[in-house]
Amino acid sequence: MSFNWKKFLEVGNHLENYSQEESYQRSAVGRYYYSCYHSAKDYFEKEHFPLGHRNSPHQTLIDCLRLGYNKNEVDLAEALSKLRRYRNKADYYQDFRSNILKKAKKTTEDIYVLLSDLEN
C-alpha cells in the first residue's frame, strides 16, 4: 500500500496549531504543499499517464494539468501553482507574513475539494 499523502495535511495542521513560532508556521505551509502536490500527482498518474522522473516534476505536473483535460484539472493546476508560490515564500524568503499560512491552508482546502470532485 502506498503512503497516504493526505496525512501531511494533518501534520501541517498540527504544526500550525502547536506553536506560533515562525519556524512551525513556515513548516506547516510546506506540509500543506507536499500533501497536495503528491495527492494531485497520484490522481494525475492514475487518470492519465506516469510522469516519471523529470527535471522539474512540480512544474511538469502543473503544466500537464493545465492541458485542460477538464475544467477541474485546469483549476487544480492554478491552485497548485498558487500553493507552490506560498511554499516557496515560506522556504526561501526572509520576510514571512502569517497571512501566507492562512492563504496556503485555504488553497489546500480548495485543492482537496477539486480532487474529491475529480475522483468522483
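A residue counts as buried when its relative accessible area is under 20%, as exposed when it is over 50%, and as partly exposed in between (1.4 Å probe, protein chains only). With that in hand, welcome to a predicted model, in which local features need pLDDT of at least 70, side-chain atom pairs count only at pLDDT 80 or more, and totals for chains, interfaces and linings use all residues. Residues are numbered from 1 along each chain as its sequence is written, and side-chain values use heavy atoms, with hydrogens and water left out.

**The overall fold**

- The protein chain holds five helices and zero strands; here helices (H or I, at least four residues) and strands (E, at least two) are DSSP runs, numbered from the N terminus.
- Read from the N terminus on, the order of elements is α-α-α-α-α.
- The protein chain is as compact as a globular protein of its length, because its radius of gyration is 14 Å, close to the 14 Å that the globule rule gives for 120 residues. That radius is taken over C-alpha atoms, and the rule is 2.2 Å times the number of residues to the power 0.38.
- Along the principal axes, the C-alpha atoms fill a box of roughly 40 × 30 × 25 Å.
- Of the contacts with a separation of 6 or more, 61% are between residues 24 or more positions apart, where contact means heavy atoms within 4.5 Å.

**Surface and charge**

- Buried residues make up 42% of the 120 residues in the protein chain.
- The accessible surface of the protein chain is about 7,200 Å², and carbon and sulfur atoms own 48% of it. Such areas come from the Shrake-Rupley method with a 1.4 Å probe; for residues, only the protein chains shown count as cover.
- There are 19 positive and 17 negative side chains, and the centres of the two sets lie 4 Å apart. Lys and Arg count as positive and Asp and Glu as negative, while His and the chain ends are not counted. Each charge is placed at NZ of Lys, CZ of Arg, CG of Asp or CD of Glu.

**A look at helix H3**

- Helix H3 covers residues 57-66, and its buried residues are His58, Thr60, Leu61, Ile62, Cys64 and Leu65.
- An α-helix has 3.6 residues a turn, so residues three or four places apart point the same way.
- The buried residues of H3 pack against helix H2 (22-47) and helix H4 (71-92).
- Just after H3 comes Gly68, with a positive phi of about 85 degrees.

**The cysteines**

- Searching the whole structure turns up zero disulfides, a disulfide being a pair of cysteine sulfur atoms within 2.5 Å.
- For Cys36, the closest cysteine sulfur is that of Cys64, and at 18 Å it is too far for a bond.
- Cys36 is buried, with a relative accessible area of 0%, and Cys64 counts as buried too, at 11%.

- His48 is found in the loop between H2 and H3, and its relative accessible area of 28% makes it partly exposed.
- Setting aside neighbours within four places in sequence, His48 is in contact with Tyr43, Tyr69 and Glu73.
- Beyond its neighbours within four places in sequence, Tyr93 is in contact with Arg26 and Asn88.
- Glu10 belongs to helix H1 (residues 7-18) and counts as partly exposed at 47% relative accessibility. From C-alpha to C-alpha, Glu10 and Phe96 are 22 Å apart in space, and they are 86 residues apart in sequence.
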